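Visitor: Please bring up the model and take me through it by question and answer.

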Amino acid sequence: FQPKRLAGKRVLITAGPTFEPIDPVRGITNLSSGKMGYAIARAAREAGADVCLVSGPTALDTPYGVHRINVQTAQQMHDVVLSRVDGKDIFIAVAAVADWRVANASDQKLKKNSKGDVPQLQFEQNPDILASVAALEKRPYCVGFAAESENLLQYGEEKRKKKGVPLLVGNIGHQTFGKDENELVLFDDKGNQRLPQAGKQALARQLVAEIAARI
Ligand code: C5P
């Protein structure tokens, strides 16, 4: 039994990887499984919230009672989030959003040629969804994630300030992608606090309790 800590609250969550096309059949993505974001969506719903989950491509089932919107690219995720953010109480950015998209993606499948020429991809930067939401005048309580490979305690607090969010959640170790367990550290204006290693669903429930205590 979960206490209804978020009863009446509206929560928007991003989860999973994004997929940036190179041509109609190829693209660039990352190793995010979506498990942590989906676990948080499930925990928020169990806590009584109305939950909208904006998801990149994953192999996961939609958690019971959660409204899910599927997207592929970072730009689509950005546009859906900004069209849905109005009236939300909490925004939790868990997705592993591609920093860059292919600027010269092809409408037709790229073909090999006999000379062995290789495609010349050019990149342009994607919008930062979390920073965009955190900069809104009417903004929800914003929670960010960070997966750093080193110096998490320093980079975590720096990232929290840079993104302009009250709460940033660091993954301890960067080997979390696809795993069922995780270990987190929470950064807020009072300092940092560890949530020791546990299953992602158990950690998601603890995180929801921590968020509920801060709003
Ligand atoms: O800058 P970095 O990717 O390390 O920040 C991670 C946090 O920012 C995560 O919460 C992620 O969901 C969010 N993010 C975003 N849009 C981006 C890049 C990251 O919402 N384009």
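This is a predicted model: local features need pLDDT of at least 70, side-chain atom pairs count only at pLDDT 80 or more; totals for chains, interfaces and linings use all residues.

Visitor: What box do the C-alpha atoms fill?
Guide: The box is taken along the principal axes. The C-alpha atoms of the protein fill roughly 65 × 35 × 35 Å.

Visitor: What percentage of the residues is buried?
Guide: Burial here takes 20 or more other C-beta atoms within 10 Å. Of the 215 residues in the protein, the buried share is 38%.

Visitor: What share of the contacts comes from residues 24 or more positions apart?
Guide: The count covers contacts in the protein with a separation of 6 or more. Residues 24 or more positions apart make up 64%.

Visitor: How many residues of α1 are buried?
Guide: The buried residues include Lys35, Tyr38, Arg42 and Glu46. Helix α1 is largely enclosed by the rest of the structure, because its buried count is 12 of 12.

Visitor: Which elements do the buried residues of α1 pack against?
Guide: Strands and a helix are both on the list. The partners are β1, β4, β6, β11 and α5.

Visitor: Which residue with a positive phi follows α1?
Guide: Its phi is near 100 degrees. The residue is Gly48.

Visitor: Is Ala49 buried or exposed?
Guide: Ala49 is found in the loop between α1 and β4. Leaving aside neighbours within four places in sequence, its contacts are Leu6, Lys9, Arg10, Val11 and Ala44. It has 27 C-beta neighbours inside 10 Å, so Ala49 counts as buried.

Visitor: Which residues of α4 are buried, and why do they line one face?
Guide: Residues three or four places apart in an α-helix point the same way, because there are 3.6 residues a turn. The buried residues of α4 are Leu152, Gly156 and Arg160. Seen down the axis of α4, they fall within an arc of 70 degrees, so they line one face of the helix.

Visitor: Which exposed residues does α4 carry on the face turned away from its buried side?
Guide: The buried residues of α4 pack against β9, β10, β11 and β12. The face turned away from them carries the exposed residues Gln154 and Lys161.

Visitor: Which residues does Ala198 contact?
Guide: Ala198 is found in strand β12. It is partly exposed, with 15 other C-beta atoms within 10 Å. Leaving aside neighbours within four places in sequence, its contacts are Glu181 and Leu203.

Visitor: What distance separates the C-alpha atoms of Asp99 and Asn126?
Guide: Asp99 sits in the loop between β6 and β7. It touches Gln125 and Asn126, not counting residues up to four places away in sequence. Asp99 and Asn126 are 27 residues apart in sequence, yet their C-alpha atoms are separated by 5.4 Å.

Visitor: Which element gives the most to the shell around the ligand?
Guide: Two elements, α3 and β9, each supply at least two residues of the shell. The one that gives the most, with 3 residues, is β9.

Visitor: How do the residues of the shell divide into nonpolar, polar and charged?
Guide: There are 13 residues around the ligand, and Ala93, Val97, Ile129, Leu130 and Gly144 come nearest. The shell divides into 9 nonpolar, 3 polar and 1 charged.

Methods: Residues are numbered from 1 along each chain as its sequence is written. A residue is near a molecule or strand if its C-beta atom, placed from the backbone, lies within 6 Å of it. Helices (H or I, at least four residues) and strands (E, at least two) are DSSP runs, numbered from the N terminus. Ala, Val, Leu, Ile, Met, Phe, Trp, Tyr, Cys and Pro count as nonpolar, Asp, Glu, Lys and Arg as charged, and the others, Gly among them, as polar. Two residues are in contact if their C-beta atoms, placed from the backbone, lie within 7 Å. The arc is that of the directions from the helix axis to the C-beta atoms.
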